[in-house]
Amino acid sequence: QRSVASISKIMSAIIVIENMDVNEYLTVPEDIKKVDGSSIYLKVNEKVKVIDLLYGLLLRSGNDAAITLAKGMNNDIQSFVDLMNEKASFLSMNNTYFSNPHGLDVNDNGNISTAYDMAILYSYCLKNPLFSKIIATKEYQKYTNKNKLLHNYEYCTGGKNGYTPSAGKTLVTTAKKNGLRLTAVSLYDGDPYN
């Protein structure tokens, strides 16, 4: 079990995709002021489409996008986190616990998982066509996908990276060749792309 940083957003994304209308507009809440790190530079009270927030979440790892989506579902971030944990339980991710939708370590309380559990989650998410499309996108509007493998390795079909000081560098990614698709997960790795 380790802190997993922004690969937590894989779970946030699938919760949104399965429970919200992606063409709905959300109003950016004041809560975004409480998070730092990666951002898509949303402004409080700005109205943004859910689909655009999902691309910002998965391609640019926007913590502000994570908060806006989580708050936008039931107007309550904790109930969103509860859904993340319910889904983890449903998928038998037995060594996983989410405390927020973005993966930052807040008050020494981050999102905890294992490489195996994150592989279970990612494999589940890839069955969703919209998730698969977003995660494999190299460029969307002003966003460039942060997953270097997607740009440098021809067989890569997508993935999500993360970093916090306590989690180190984290990466979940997939590649497909000759009909075989593999998911690789690395946690607390100084050079996950290598």
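# How the terms apply to this chain

Guide: Buried residues make up 54% of the 194 in this chain. Here buried means under 20% relative accessible area, exposed means over 50%, and partly exposed is in between (1.4 Å probe, protein chains only). The model is a predicted one, where local features need pLDDT of at least 70 and side-chain atom pairs count only at pLDDT 80 or more, while totals for chains, interfaces and linings use all residues. Residue numbers start from 1 along each chain as its sequence is written, and side-chain values use heavy atoms, leaving out hydrogens and water.

Visitor: Why is the chain called as compact as a globular protein of that length?

Guide: Let's begin with the elements: there are 7 helices and 9 strands in the chain. Both are DSSP runs numbered from the N terminus (helices are H or I with at least four residues, strands are E with at least two). The radius of gyration is 15 Å, close to the 16 Å of the globule rule for 194 residues, so the chain is as compact as a globular protein of that length. That radius is taken over C-alpha atoms, and the rule is 2.2 Å times the number of residues to the power 0.38. Along the principal axes, the C-alpha atoms fill a box of roughly 45 × 35 × 30 Å.

Visitor: What makes Phe98 count as buried?

Guide: Its relative accessibility is 0%, which is under the 20% limit, so Phe98 is buried. Phe98 sits in the loop between helix 4 (77-90) and strand 4 (112-113). Leaving aside residues up to four places away in sequence, Phe98 touches Ser8, Met11, Val81, Met84, Asn85, Ala88 and Asn111. Touching means contact, with heavy atoms within 4.5 Å.

Visitor: And why is Ser6 called buried?

Guide: Ser6 has a relative accessible area of 9%, again under 20%, so the word applies. This residue lies in the loop between strand 1 (2-3) and helix 1. Among the residues that Ser6 touches are Ser61, Asn63, His102 and Tyr163.

Visitor: Why is the passage of helix 1 by helix 3 called a left-handed crossing?

Guide: A crossing is left-handed if the near helix is turned anticlockwise from the far one by less than a right angle, and right-handed if clockwise. Helix 1 passes helix 3 in the left-handed sense. The axes of helix 1 (residues 9-19) and helix 3 cross at roughly 35° and come within 11 Å. Axes are lines fitted to C-alpha atoms, for helices over the stretch in contact, and angles run from 0 to 180 degrees between N-to-C directions. Lys9, Ile15, Val16 and Asn19 of helix 1 make the contact with Asn63, Ala66, Leu69 and Met73 of helix 3. By class, that contact holds 5 nonpolar, 2 polar and 1 charged residues. Nonpolar here covers Ala, Val, Leu, Ile, Met, Phe, Trp, Tyr, Cys and Pro, charged covers Asp, Glu, Lys and Arg, and the others, Gly among them, are polar.

Visitor: What makes Lys33 and Glu30 a salt bridge?

Guide: The rule asks for a side-chain nitrogen of Lys or Arg within 4 Å of a carboxyl oxygen of Asp or Glu. The closest N and O atoms of Lys33 and Glu30 are 3.1 Å apart, so the pair qualifies. Lys33 is exposed at 60%, and Glu30 is partly exposed at 47%. By this rule the count is 4 salt bridges.

Visitor: Why are Asp31, Lys34 and Lys71 called a network?

Guide: Salt bridges link the three residues. Asp31 meets Lys34 at 3.9 Å, N to O, and Lys71 at 3.1 Å. The Lys71 pair links distant parts of the chain, as Lys71 is in helix 3 (residues 63-74) and Asp31 is in the loop between strand 2 (25-27) and strand 3 (47-49), 40 residues apart. Asp31 is buried at 13%, Lys71 is partly exposed at 22%, and Lys34 is exposed at 71%.
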